Amino acid sequence: MSNSRIAGLYRMSIVERINALADRGFLDRDAANALLDGAPLLPRNTAEKMIENVIGVFGLPFGIAPNFLVNDKDYIVPMVVEEPSIIAGVSGAAAIFRDNGGIATSSTDPVLIGQIQIVGIRDPDKAVQSLYSAQDDLLTLANKFQPRLMERGGGARGLEFYKYRLPDGDWTVVLHLLVDTRDAMGANIVNTMCEGLAPKVEEVCGGNVVLRILSNLADKSLVKASVTITLASLITGSHSAEFVRDGIVLANDFANTDPYRAATHNKGIMNGIDALAIATGNDWRAIEAGAHAFAAKDGKYRSLTSWSVEPNGDLTGELVVPLKAGTVGGSLASNPGARMGLAITGVTSATELAELMAATGLAQNFAALRALVSHGIQKGHMSLHARSVAAAAGVPEDRFDQVVAGMIESGDVKTWKAEELSGVALPGATTAAQPVEGIATGVACAKVIILGEHAAVYDRHVLALPIESAVTAQIVEREKGVTLSIPDWDIHDDWSGPERVPGGASDVVDLIMRELRVTGRGFDIRVYPRVPLGMGLGSSAAFAVAVIRAFNNLLGLEKSDLEIDRIAFRCESLTHGTPSGIDNNIATFGEPVLYSKGSSTRTRPVPLPQIPPLVVASSGTRGSTGDMVAGVRERFSKNEALYTTIFDEIDELSIAGAKALQESDYEYLGSMMNVCHGFLNAIEVSTPELEKMIQIARSAGALGAKLTGAGGGGSIVALCPGKVSEVTGALERAGYEIVRLNAS
Ligand code: NAD
């Protein structure tokens, strides 16, 4: 198998993804051609033979997660799952794990337990003693029922005995038959053995056998997956590495203490394990039952993973879980889709598949905890977070504790607050370089347009606010070649190998390197955004500015903000064609602004007395700024007079809106936003989904709501004085992602 890192996988079409798998040897050509032809993965007449009373074949998405490196072997993980974000999350986590040497796994022999329950026994100890004395005969007999299994290196390996008192006071003895079922999951193998053994068991101990069936608590078949991640790999767009690391440990401790949390924590792990189990035809109900029973093995339901901090500060994680997987038998023989899934994994044994399942579960757990810690549990973590904000802001030692306490008390755990409380001018959050052992960092803002999009391209005013610390870039110098990794956007590119994919973020990095005259040198670039890509929030400009700043800081280039803004504008032109310039302006300067590209004197900061009660929500559907701007241009050229009037009206709205915003006149500003959206709808850049989101926001109490950015997908912004939580809740319940304006 070749490298499982497939650059730009998420940007590819389905056809390109199938070909990428085949070209790299993860899928044979015949299977790829069948997929390309759209052949059903499970024909109806095959389904008819698998279960009873078939009326059709139910569909679920079949996806792939790249980047897995397990025991130094590359894997693509096939995943059948209906829930969005699972594959994106696990792929990003696998990329981080990979950069840290990959996942190590180990396992015990693939032993499944069969249970034979015996009742009608007066003296359980005597019964156990008799069975124990006959154990060699019992094992020999058990193996006679599965002669081929011995030839394959498996077979009945041992017996264990348990006695329990039943509610009526009688004793029951339970014999455990331990069977190495090799590459089969083993349910039928073990059931056959147990049923065959029952008469002999009755004869030996004098009781009556009742149940004879496998146990799904397969704790003789344990799999361990572990990973160690350097601190530097843990930084996210909005949080320090220490914050993320300690948050993950804290979240794990929480799951070990509280069964309510543990259930959700373990569900996240099973998101990965189940999706791979289904894709490879395995019985995921059996795996689920075993995992949850094992999680409660000491009488309390706990986390299946453990995360801890190494003495050198690195983060270590481990998952131990019973996994009885199969690569033969079960539905694999009949289900062609499951055979394809198994082929994609490239595993050669059930043990290897079980270890890949554990690796996937661990990666999924990391992805979930990292996201939770970064976005959801800051409150309980406020002290730690405040310390990292103060440290990042460069608060002097003698005022450190005071500033941390002040930020917590005020509720504003932000760089500006740290600056205010420390009473000294600190390096600004948007420009601060934080060198960590040879790593240079650059941070940039994204933007939300309140009024004026599209008209801005025609030199009219646009009013926009920054989204704080939206993208963080880290760069280290290396000997040669350039790598670019943006796990949250699933972008992984490598200039030194065959992986370099022209287009998008990589071309922007090339342009930046040319502008900064650093081409030919080697760099590892990692980028951590907290805004989605292509959602009208200026992510591409924030990406460019963060990378330029990181280079600037790493190499001491001393580029001014004006120079950074100029280079970022060139990047924007490369990405979007004819940008208005607002995105690079805000990304660089990080200030609310009334902007017009026609003349720099017409661009002015809009200092605000308070952060306005805005809610920004992303539709999850990408819009192309270039295509939207080109579409408006075409319609403008056909109807210049009408469009000129509309742009003039929008210009006036932006200018008046800036004044209303400064005066906190939200009622007036809200109505201007609604009118502006009407104009944007008129120039055909809205979509039915954006209209739906706007209706949700207005119904939940927003005074104004409109699309923001280029449209055609992307995001909305709503002004909601006194109704922020209602509007946020309504949009979240409808499945939309909220993007916070401030980083904490
Ligand atoms: P199976 O019944 O198909 O048996 C596996 C067969 O594969 C055996 O005949 C074995 O001889 C053969 N084989 C070929 N190569 C092998 C190798 N390298 N290693 C081992 N065996 C090899 O499959 P199974 O694994 O015994 O049973 C799995 C099925 O049982 C699943 O579909 C599951 O849903 C179902 N099941 C589960 C439960 C439960 O979990 N509680 C109960 C009953 C049935």
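The protein chain has a mean pLDDT of 89, and 92% of its residues reach 70 or more; pLDDT is the predictor's confidence in each residue, from 0 to 100. This is a predicted model, in which local features need pLDDT of at least 70 and side-chain atom pairs count only at pLDDT 80 or more, while totals for chains, interfaces and linings use all residues. Residues are numbered from 1 along each chain as its sequence is written, and side-chain values use heavy atoms, leaving out hydrogens and water.

Salt bridges (a side-chain nitrogen of Lys or Arg within 4 Å of a carboxyl oxygen of Asp or Glu) number 29 by this rule. Three of them are listed here.

| Pair | N to O distance |
|---|---|
| Asp23 and Arg29 | 3.3 Å |
| Arg157 and Asp180 | 3.1 Å |
| Lys220 and Glu160 | 2.8 Å |

Accessibility is classed as buried (under 20% relative accessible area), exposed (over 50%) or partly exposed (in between), with a 1.4 Å probe and protein chains only. Asp23 is exposed at 61%, whereas Arg29 is partly exposed at 36%.

Glu453 lies in the loop between strand E11 (440-451) and strand E12 (462-478); strands are DSSP runs of at least two residues, numbered from the N terminus. Glu453 is buried, because its relative accessibility is 2%. Its side chain makes a polar contact with that of Lys706 at 2.8 Å.

Terms used
Helix = DSSP H or I, 4+ residues; strand = E, 2+ residues; numbered from the N terminus. Polar contact = N/O pair within 3.5 Å; in protein donor to acceptor, adjacent residues only side chain to side chain.
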